[in-house]
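Welcome! Please take a look at the sequence and the 3D structure below, and then we can walk through them together.

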Amino acid sequence: MSEPIRMRTARTVIRLLDPDEAELLRRYRTENREHLAPWEPLRTESHYSLEGCRQAIEAGLEAARGDRGYPFAILTPDAAAMIGTFTFANVVRGVFQACHLGYGIGASHEGKGLMFEALEAAVRYAFGPLDFHRVMANYMPRNERSGRLLERLGFEKEGYAKRYLKIDGLWEDHVLTAKIRTQG
């Protein structure tokens with residue numbers, strides 16, 4: 001990762017955060033704590049602290065340098081506020097060339113098409129510069145919005161995993177989807 005990764009859409013800037021932007025991440029996490037809780041693992045208080053956010057950003061930058069994961073922030077065009085996040089996680093190279101996609105959007109930005117806009121750019125980046133062949137994204141059956149978003153992005157259902165991830169303290173079933181690069 002020699003130069004900073006940056007994507008632009010009509011209404012967003014997408015990039016990795018710098019450690020000195022920990023307050024931006026802390027504000028996003030704190031403001032959306034209740035909104036995101038039903039869709040995330042249980043969080044400790046440090047997840048919402050300035051130091052915890054700084055450490056998360058540093059760990060994310062290290063993961064990106066090592067090609068293990070890419071935790072992106074979706075920002076307003078002036079980069080003054082976070083709209084949401086997405087991560088290309090669990091990167092596997094070699095004969096697989098794949099990752100998992102996870103994402104979340106702030107409550108005040110939901111329903112405006114911003115996540116679709118950001119993830120459309122993200123998938124292009126995943127199949128372009130990151131050279132993935134497969135991007136996998138899984139969602140809980142009760143999260144119908146997420147299912148519709150992935151379908152609109154061209155992800156196809158590949159399976160159903162019972163008690164797949166521990167979300168908000170409970171083992172939740174997930175619908176397994178993937179998008180495959182059409183060329184290469």
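## Order of the elements

From start to end, the chain of this predicted model runs through its elements in the order β-β-α-α-α-β-β-β-α-β-α-β-β. That gives five helices and eight strands.

## Overall form

The radius of gyration is 16 Å, close to the 16 Å that the globule rule gives for 184 residues, so the chain is as compact as a globular protein of that length. If you follow the C-alpha trace along its principal axes, it spans about 40 × 40 × 30 Å.

Contacts tell us how the chain comes together. Among those with a separation of 6 or more, 60% join residues 24 or more positions apart.

## Inside the chain

Of the 184 residues, 45% are buried. The largest nonpolar core has 48 residues, and Phe72, Phe86, Phe88 and Val135 touch the most other members. Elements giving two or more residues to this core include the helices α1 (22-31) and α3 (50-65), and the strands β3 (70-75) and β4 (82-92). The largest share, eleven residues, comes from α4.

Leaving aside neighbours within four places in sequence, its contacts include Met7, Ile14, Tyr70, Phe72, Leu101, Tyr103 and Leu119.

Methods. Residues numbered from 1 in each chain as written. Predicted model: local features only at pLDDT ≥ 70, side-chain atom pairs only at ≥ 80, totals over all residues. Heavy atoms only, no water. Helix = DSSP H or I, 4+ residues; strand = E, 2+ residues; numbered from the N terminus. Rg over C-alpha atoms; globule rule 2.2 N^0.38 Å. Buried < 20%, exposed > 50% of the residue type's maximum accessible area, 1.4 Å probe, protein only. Contact = heavy atoms within 4.5 Å. Core = buried A, V, L, I, M, F, W, Y, C linked by side-chain atoms within 4.5 Å.
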